[in-house]
Amino acid sequence: MSLLEIRNLSVEFETVKGTFRAVDGVDLSIGENDILSIVGESGSGKSVSMLAVMGLLPWTANVTADKMEFEGRNLLTLSSKERRKIIGQDISMIFQEPMSSLNPCFTVGFQIGETLKEHLGLDRNARKKRAIELLDLVGIPAPEERLKAFPHQLSGGMSQRVMIAMAIACNPKLLVADEPTTALDVTIQAQIIDLLVNLQNEKGMALVLITHDMGVVAETAKRVVVMYAGQQVEQQEANGLFATPHHPYTHALLDALPERSLGLDRLPTIEGIVPGAGDRPDGCLFSPRCKYVQDDCRASVPPLENISDTTLRCFHPVDLEGQAT
Amino acid sequence: MTAAIEGHELKRYYQVKGEGFFAKPTILKAVDGASFSLESGKTLAIVGESGCGKSTLARLATMIEKPTEGNIFISGADPHAHGGAEIPRLRQDVQIIFQNPYGSLNPRKKVGVILEEPVIINQNVSAADRRRLAETMLDKVGLRPEHYDRYPHMFSGGQRQRIAIARALMLKPKVLIADEPVSALDISIQAQVLNILMDLQEEMNLALVFISHDLSVVRRIADQIMVMYLGKVVEQGEASTIFANPAHPYTQALLGATPAVDPKLRRERVKLTGELPSPLNPPPGCPFHTRCRFVQDICSSTAPPLETKFERLVACHFAEAAVES
């Protein structure tokens, strides 16, 4: 049985200019011990879809889904009190900006202890012991002294480690990492990614990695979901996706990577920009930028379909030779 | 042929107040001895993590700051000679693009005004000619003439970066300095902007100084590379030589930490333990010795000189061991 099961998740925001669909029909299923990566450019709805699962969206957001279950419990109908028991304990999240996700007014030890007190009800000594254990686990040297440190005394990499320590404090079954390394230097990024994957292995938790860095995805994820303008366009095993992307968008996105075009004079590009709130086309959202666009793409939105081991939203997927069918 | 831009033993030190009221000020060596020479039409990439001095070097090259020691030459002329009398003229030849296109364009000015400002300040051109110049430049960077009357907030990040490029090229400079020009952009947009940079470099025969931490981009665009660590140059030479076989342990670690989609491009990950030391209090001897895997006693006492080894400049006592590993 899968840990998190999502069918047809949509998130809408009411704006002055009308309803904006930030997430449109996302299907996800995350098993135990799984590493799933959600990739997409900015504004593709990758963060919003996971924030919806966490229940962290503001009240203006209208979350709908056919099914959103965590361990068989329907997250949509849970009372917020019950939901808070799951969030932070069984599902936890790490955010992009480590420097601004920690509260600057409290010590690191206090902030880690908060989670432990709330969810596990540990007393002061037990909290301290566990906090030291956690800091040690995420590779912070001299953890006992670090407990008394304030966030401004830590570097970006250290802050992110503290965030990870907080997130894994209650041994979650699912960890959502939202762009955990975007703000960090490459050598520190490598350390944090290694740490996350090791923790995932040791603790047997499931990891959802939200990122726009294809390299990070290729080196860590088992399965990949590609999102474009709020829609899920492709889902595949990581190896398959990078070898034979079937959606024209995935195909073009991978081609645009600098490392894939070392022999070429210029980088292949995707013309145009991601459609915004006001200028979404009818039919397939990628159709104005797609190389293989045909009449039916402009007329109606392709459904999300399973084709062998790939979930696709495309009428004319790209085959192995890079030709549209 | 004289180089378009040349740096000779550039140093830039800052005085920083010590902690506490009576503490002595300390010296921060942001750039500590960097030399380079770049011809028209070529690209020099400056690579390193945050705090390594790459942006300070950009400030020296653009004559925003005066080097503490050493000289900079723009087409053979030293701007800081004769009390800086030549600076206004030479500044027209060196232009810069910044990292964040949301911060570098004045939100209260129209694109046309932004583009014409450098011409108004530096040259005597009629309003009609200026407008024509701005419109051709907009066309060159892939924007339309009607964008002339719009404000920066009406553009996406990628388009803003194009405006920034257009502004930098309005004066037909000889040297273009790009300080992390694509790191704030999505992959597909990044490819577009890189292509524009390469096209315009070819067309205008620009010497391009490309500052970046993203080695996959650098590999694509650079002719020469300079790797910096805590203000010191650790390795410098032809890009192809260094990418094929990096000789400094730090360069190796940087390359290993850069995630790659293609398994063939992946290098064995050299794990860097620890964090970047504070530039205020750099370790004695070789600045990298605290994180280096080849470290021996000599490294913590004597700073290695930048020497020619294996067809490039490298500052390491044990470059031989590093190359063979």
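Which residue of chain B forms a salt bridge with A:Arg266, and how far apart are the closest N and O atoms? I looked that up before anything else. The partner is B:Asp199, and the closest N and O atoms are 2.5 Å apart. I note here that I am working from a predicted model.

**Entry: the interface**

I asked how many salt bridges the rule finds across the interface of chain B and chain A. There are two. I then turned to polar contacts between chain B and chain A. I found 15 residue pairs, both residues of each pair at pLDDT 80 or more.

Next I checked which helices of chain B supply the side that touches chain A. Helices α6 (187-204), α7 (215-221) and α9 (249-257) of chain B each give at least two residues. The largest share comes from α6(B), with eleven residues. I sorted the residues on that side of chain B by type. They divide into 13 nonpolar, eleven polar and twelve charged.

I wanted the extent of the contact as well. It takes 36 residues from chain B and 40 residues from chain A. The size of an interface is often given as the accessible area lost when the parts come together. Between chain B and chain A, the buried area is about 3,400 Å². Carbon and sulfur atoms give 54% of that area. Which residues of chain B lose the most area to chain A? They are B:Ile187, B:Arg220 and B:Val261, and together they make up 22% of what that side buries.

**Entry: the three-stranded sheet of chain B**

I moved on to the sheets. One open sheet in chain B has three strands, in the order β2-β1-β4, with antiparallel pairing. Why is one side of β2 and of β4 in chain B left without a neighbour in the sheet? Strands β2 (26-38) and β4 (69-74) stand at the edges with a single partner strand each, so one side of each has no neighbour there. The twist averages 25° from one strand to the next.

I followed one pairing in detail. Strand β1 (residues 5-16) of chain B pairs with β4(B) in the antiparallel sense, over five bridges. I picked B:His8 and looked for its bridge partner in β4(B), which is B:Asn71. I also checked what lies across this sheet. Helix α1 (residues 54-61) of chain B lies across β1, β2 and β4 of chain B, and runs at about 115° to β1(B).

**Entry: the eight-stranded sheet of chain B**

Another open sheet in chain B has eight strands with mixed pairing. I read the order as β5-β6-β7-β3-β8-β9-β11-β10.

Are β3 and β7 of chain B parallel or antiparallel? Strands β3 (residues 43-47) and β7 (residues 207-212) of chain B pair in the parallel sense, over five bridges. In that pairing I found B:Ile46 opposite B:Ile211 in β7(B). Helix α5 (residues 157-169) of chain B packs on the sheet and touches β5 and β6 (175-179) of chain B. The direction of α5(B) makes about 175° with that of β5(B).

**Entry: salt bridges overall**

The structure holds 30 salt bridges over all chains. One that I looked up joins the side chains of A:Arg298 and A:Asp295, at 3.6 Å from N to O. Both residues, A:Arg298 and A:Asp295, lie in helix α12 (residues 295-299) of chain A. They are three residues apart, about one turn of the helix.

Conventions:
Residues are numbered from 1 along each chain as its sequence is written. Chains are lettered from A and ligands numbered from 1 in the order in which they are written. This is a predicted model: local features need pLDDT of at least 70, side-chain atom pairs count only at pLDDT 80 or more; totals for chains, interfaces and linings use all residues. Side-chain values use heavy atoms; hydrogens and water are left out. Two strands pair if DSSP finds at least two bridges between them. Helices (H or I, at least four residues) and strands (E, at least two) are DSSP runs, numbered from the N terminus. Axes are lines fitted to C-alpha atoms, for helices over the stretch in contact, and angles run from 0 to 180 degrees between N-to-C directions. Contact means heavy atoms within 4.5 Å. Buried area is the accessible area (1.4 Å probe) that two parts lose on being put together, summed over both. A salt bridge is a side-chain nitrogen of Lys or Arg within 4 Å of a carboxyl oxygen of Asp or Glu. A polar contact is a pair of N or O atoms within 3.5 Å; within protein, one must be able to donate a hydrogen and the other to accept it, and residues adjacent in sequence count only if both atoms are side-chain atoms. Ala, Val, Leu, Ile, Met, Phe, Trp, Tyr, Cys and Pro count as nonpolar, Asp, Glu, Lys and Arg as charged, and the others, Gly among them, as polar.
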